[in-house]
Amino acid sequence: MDEAARARLAAWLSTAAGAPVVITGMVLLSGGAVQQNWALDATLGGSPQRWVLRTDNAAVLAVSHSRTAEFALLQAAHAAGVAVPAPLFCCTARDVTGAPFFVMQRVEGIAAGHRLVRAAQGNALADGLGRELARIHAIRPPRTDLPFLGEPPADAHIAFIAAQRAALDTAGTPRPVLEWGLRHLERTAPPPGETVLNHNDFRTGNYMVEGDRVSAVLDWEFAAWGDPHADHGWFCAPCWRFGALAQEAGGIGPRAAFYGGYEAASGRAVQHDRVLWWELAATIRWAVVAADQAGRHLSGDTSLELALTGHIVPELEMDVLRMTGVA
């Protein structure tokens, strides 16, 4: 971000905060294929502040919420007691930094999935993650502060299958294994259940940890109304265990500890059969996304990260075959 943009940002923040803001440091953080995160050091009325500015990358996904919507989700989660960075300011205009953005408190901790699974945190972290997910699922429709989420689906299972088939049809590349997996899901779909706010990307790599404590749940841009077991399935899917396949709860601990924390905090039993259905759904969804990201690279949004993501599709297809009993 150039000096002119930083000056505009400091002026805007001063108005939003109601006191003079001086930016003393600004560094682009690593990661973030969809959004950019900037570590922002500043003073507010002379008092040191450690913030994060979150804004769009040059290319965004159509299914990703806007920064304004993500800010509203953070506000709702913060009010519900979820461990999230405190949301501070939101700017919808493009003439400050070139894109809408919001500012939140900076939180300390480790988020890198490969580091977390090597640390083998075990039961305590898995239990804590289950409790955080229960707090997220305490947010239920209708919510007048979250109008952009629309009406909840009548049946989240049928809605998921239809959305993934539409995505495959739009891409136009034959994916027979993924079509097979979707047909399996269609034939084994459980009846509709309750509706809650799904984080929709609740996995290792999207939360921060200090010691064995969850310090923040990150990346809310895909949140939607849905079946609570969808978040369980995404978290426990083999593709998000970062190689620690024996640790079924996100590669960091046993599934029983994750379920136990959720049940203790929510007062509701986790239905394991539903979780397994959503684990297959998660594997297919990630394969569809990975193929789409490779397509973005080939269509001109050139990125090594996007290109390499496309190479995991065959591995995910093998997971689909194993999970449906074929391989």
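The model is a predicted one, and its protein chain carries 11 helices and nine strands. The radius of gyration of the protein chain is 20 Å, close to the 20 Å that the globule rule gives for 327 residues, so the chain is as compact as a globular protein of that length.

**Overall dimensions and packing**

- Taken along the principal axes, the box filled by the C-alpha atoms of the protein chain is roughly 60 × 45 × 40 Å.
- Buried residues make up 50% of the 327 residues in the protein chain.
- When contacts between residues at least 6 apart in sequence are considered, 67% of them join residues at least 24 apart.

**Surface and charge**

- The protein chain exposes about 14400 Å², and 55% of that area is supplied by carbon and sulfur atoms.

**Helix α8**

- Helix α8 covers residues 255–266, and because its 12 residues at 1.5 Å a residue should span 16 Å, the 16 Å between its end C-alpha atoms agrees with that expectation.
- In general, an α-helix has 3.6 residues a turn, so residues three or four places apart point the same way.
- Directly after α8 comes Gly267, which has a positive phi, near 75 degrees.

How values were computed:
Residues numbered from 1 in each chain as written. Predicted model: local features only at pLDDT ≥ 70, side-chain atom pairs only at ≥ 80, totals over all residues. Heavy atoms only, no water. Helix = DSSP H or I, 4+ residues; strand = E, 2+ residues; numbered from the N terminus. Rg over C-alpha atoms; globule rule 2.2 N^0.38 Å. Buried < 20%, exposed > 50% of the residue type's maximum accessible area, 1.4 Å probe, protein only. Contact = heavy atoms within 4.5 Å. Areas by Shrake-Rupley, 256 points an atom, 1.4 Å probe, with all protein chains shown as cover. Expected span 1.5 Å × (residues − 1).
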